[in-house]
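Dear colleague,

Please find below the structure that I am handing over to you. The findings follow directly after it.

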Amino acid sequence: MSFFQEQYQNFSLPLELPGPEPRAGFREPQLGAIHSIAGHFAQSGEQAIVTMPTGSGKTAVIVAACFVLRAKRALIISPSRLVREQIAEQFDDMSLLRRLHAFDLLATNRPKLKVISSRIRREEDWNMLADFDVVVATLQSVSPGYKEIPDPPENLFDVVVVDEAHHASASTWDVLLRSFPRARRILFTATPFRRDGKEIRGNFVYTYPLEKARLDGVFGKIRYEPVDAQGPTLERDVAVAKQVEQTFRADRTRGFSHLVLVRTDTKERAKELSLVYAEHTSLNLISLNSSHSLAYAKRTIKRLRAKEIDGIITVNMLGEGFDFPNLKIAGIHSPHKSLAATLQFIGRFARTSEPDLGIATFHAVPEDIEIEREKLFKHGAAWQEIVENLSSKQIEKEAEKRRVLGGFQYDLDELSTLDDFSLHSLQPQCHVKIYRVYGSFDVNQEIEFPGFEAEPIFHSHNPETNSTVWIIRRLLPCKWDSDGTFVDVNYELLFLHHHRKSQLLFVGSTIKVEGYYSQVVEQLTGGDHTILSLNQVNRVLNGWTNLEFFNVGVRNKVPGVKTESYRILTGPDSSKSISPLMAKTFYRGHSFGKGCPDGGEVETIGISSSSKVWSNKSLQLHEFILWCEELAKRISQTQLIATNSNLDLLSAGDELSQLPAGIFYGLWHENVFSNSYQIVVELQNKKEVNGDLLDAEINIGEYQDDGSLRIHVNFQNYCKVLRLSAREGQKYSPDPDESEFPKFRVERAGMQLPLDSFLTDLPPVYYCENLDVIQGNTLMKRVEGFDDVYFGEEQLVSVDWSKIGVNVNAEYGEQKPKSIQSYLAETLPTKTGCEIVYWDHGPGEAADFICFVKDTQDTVEVQLYHCKKASGEAPANRVNDLYDVLGQSIKSTKLGKLDSIVSHIKARHKGGRGVAKFAKGDIETLNDLSGRYPNSRTSFKCIIVQPGFNTTSQSDKVKNLCLGVDEIVRFTGFHPLVFWGSSDSS
């Protein structure tokens, strides 16, 4: 039977009774910790974490815990050699428990104690420890995390105690603790958090707050006295040294037995400070650092206790766990920069266990060092309040983190396959796509991961926060291996958080490919969702102050795809580039900058029209959830509050309640123009056709009875019909009346995703007949100013179609009367100055006819003829007759350079796309012309050939539509539109 089991009956837990007739015993916080430890292990085998401030009596609790748990064999891990000796001393003679009247037997009743002073290197060394009741060691002596130390027997110790356990997530600590899986493991610390945010594994079983310790008289008063000193390091060191001496003499005069500790960060600096204190003060100080032997350290501490010296100069020595309450005066020449280290250091000086001890005093030159956003080393810093608040806040944050992360439920068998994995280790980047979800759904349901070969390896859900985490293993073919022998293995994170009150779903993923988000959300909601409007997304800026924007996107109100339909402004505060004049031409797009949320510390924030919000920071999972909750709170506000920057000049648009009538043209999202997206068409025979997504066209189809709109996407000779929902925002889905094939997919970053999912996440821009602009769930109101604008005479050409034998209801074909295109094929080559006529009627065309007409001797005009048959008798005011050709005219402006249009013709002709016919000239003529005329001497004109257009008079609806498109085309550098139509008299 072990000592602790045998002597358990002789151990008691007396309570300290202060007052006129004091009685020694445990203080209440010590008893609280002891009982909490016993209660925890009565029902759990998890590691226990005990939080007690430095100087609150941890050593007595550690020794008492061995009795309470009736330890068979205990291993005590100390943070340093000096602390190891102090703890071993208390176990050896039980003097501490005897003073507390907790163990009153004779001093001859002692446990068999072993102090490990050198590294264990053989299995036999472990086995020899079985003869002892308690073993005290430092980590470096016993952890199998060091390769020369062998693994210990699992059942060697049944109680393992770690002092200063905020180190315990380091690999060498974890390896040691896991070496004894069935032992009752207790972690003691004053600071249960790490600077790196890693988890200290275990359950919080007892916490003794710093403020409570002060009220109980355990943690004494502290004060910071700044030293006003400027100039070089030596002058500041001298000033600190002199003030330290002044406090030392004053405290001794008051009868306090205070000693000095001078702290610095390197041994070289310690040598310099030894000279400073020797030359400029009368203090008798001795240096003590890790290079000194244990015997030297013991002799120095003995001289301190005997007051033979006035203090010591240390390099991170005596910081953790060391018990020496007379150290009350600190000269800080190199401040700590972390909260944990600072609290440990301060705790050394704040003990009140002796009657001849007073207030602890810290001297340092003020510095702008921030610890948890508090500048401790500044004039007027109220250390007592700041330190206590910092400690309690951090402990509360740690407890909240454990509460939230502890709420995640998962399969233990699944977790067992992941070596050393913990939710505490997840730190996702702050980047989410936000959806509004209608109706109820289960965020925790099983999902399939689209677009790539994937294997889910971890899935966890927190029902309280309604958050779900997935970790998947993704296999990708190596680009340098053509036969697929080798694959890259990537691990990806997917985070889902549903904010119930606002019905917002936040999707964070390490895979940021558009279409992937929508595919995941589609499975969760059954399609009952939409992205947010730009106006709603911009509300995340509500409550921010001092906003500065580094990167701002602005969308042109009259965009032309040849020029800048989307402009990006960059700079230290790029929003200052936005002027009132620009606001007349541009809408708001994305923005990224920095500011202070609710007047707090500076953070970055970014938003985009595709319903994304991001920041440069990464957060632990519980903080990430809080970040999403804060975004939901801001988005739920009913209005967009001013940012007090020039960004406010730009409209963020209105929320779209339903699809308006009169959409006539669609343009790919701006990201398609700046990134490489491929379109893949899978045919029924498994054959695939692919190319650049920009080579595909968006064409507007028919409105449906439910208010939705058919969208036709054409690529080469293939077409996919999708349905754009009429509900708030835009969601794409395959048209139910269409066949499964061909399947259209978009490829990027090795992933292929359905076209409808891609368009839902990256919605195109649509233009309405009244020149309103729609993107996603955002409506941008039309550009005003066409009411008093009219066409010039040269823009309207009246044609007597019946007189020239043209069937106005036939666009293409060889029938008689001839079709519109047959007529043009005959007449255009005869135009004065015409050198080339290319006939190109088919999907992907730039125009039905492209003519190169010599304008002067030095210039050439490229004329793009867009033809459309009349849907009824001509002339008339039918906007449906104009939608297609007006959209084609806007689209053709992207080829507004000679080299662009020549390359387009060559590619079309070589591929045999469309009619693919030269009505005049050939490839050689085209090459010769392009060599004679540089881009600078080429102009472009669009001619709308539509017999249904009334050149005599137009309705307001038709006029505004045509004038608006004319403005767009002119903005790109084209000549004004020309309309070939019919007059009332023809």
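**Asp881 and its surroundings**

Leaving aside neighbours within four places in sequence, Asp881 is in contact with Lys868, Lys869, Ala870, Ser871, Gln946 and Gly948, where contact means heavy atoms within 4.5 Å. Please note that this is a predicted model, in which local features need pLDDT of at least 70 and side-chain atom pairs count only at pLDDT 80 or more, while totals for chains, interfaces and linings use all residues. Residues are numbered from 1 along each chain as its sequence is written, and side-chain values use heavy atoms, with hydrogens and water left out.

Asp881 belongs to helix α23 (residues 880–892); helices (H or I, at least four residues) and strands (E, at least two) are DSSP runs, numbered from the N terminus. Its relative accessible area is 4%, so Asp881 is buried (buried means under 20% relative accessible area, exposed over 50%, partly exposed in between, with a 1.4 Å probe and protein chains only). The side chains of Asp881 and Arg878 are joined by a polar contact of 2.9 Å. Such a contact is a pair of N or O atoms within 3.5 Å; within protein, one must be able to donate a hydrogen and the other to accept it, and residues adjacent in sequence count only if both atoms are side-chain atoms.

Lys869 lies in the loop between β43 (860–867) and α23. Lys869 is partly exposed, because its relative accessible area is 40%. Beyond four places in sequence, its contacts include Val808, Ile820, Asp881 and Gln946. The C-alpha atoms of Lys869 and Ser819 are separated by 8.7 Å, although the two are 50 residues apart along the chain.

**Helices α2 and α3**

Helix α2 (residues 28–41) packs against helix α3 (residues 58–68) at an angle of about 35°, with the axes 10 Å apart. Axes are lines fitted to C-alpha atoms, for helices over the stretch in contact, and angles run from 0 to 180 degrees between N-to-C directions. From α2, the contact is made by Gln30, Ala33, Ile34, Ile37 and Ala38, and from α3 by Ala60, Val61, Ala64, Ala65 and Val68. Nine of the 11 residues of α3 are buried, among them Lys58, Cys66 and Phe67. Just after α3, Arg70 has a positive phi of about 50°.

**The seven-stranded sheet**

An open sheet with parallel pairing has seven strands in the order β3-β4-β2-β5-β6-β1-β7; two strands pair if DSSP finds at least two bridges between them. At its edges are β3 (113–115) and β7 (203–207), each pairing on one side only. Strands β5 (residues 159–163) and β6 (residues 184–189) run parallel and are joined by five bridges, with Asp163 opposite Phe188 in β6. Helix α2 lies across β1 (48–51), β6 and β7, and runs at about 155° to β7.

**Strand β32 and its partners**

All seven residues of strand β32 (residues 709–715) are buried. On one side these are Leu709, Ile711, Val713 and Phe715, and on the other Arg710, His712 and Asn714. Strand β31 (residues 697–703) pairs with β32 in the antiparallel sense over five bridges, and Glu697 has Asn714 as its bridge partner. Strand β33 (residues 718–724) also pairs with β32 in the antiparallel sense, over seven bridges. The hairpin of β32 and β33 has two residues between the strands, and Gln716 in the turn takes a positive phi of about 50°.

Yours sincerely
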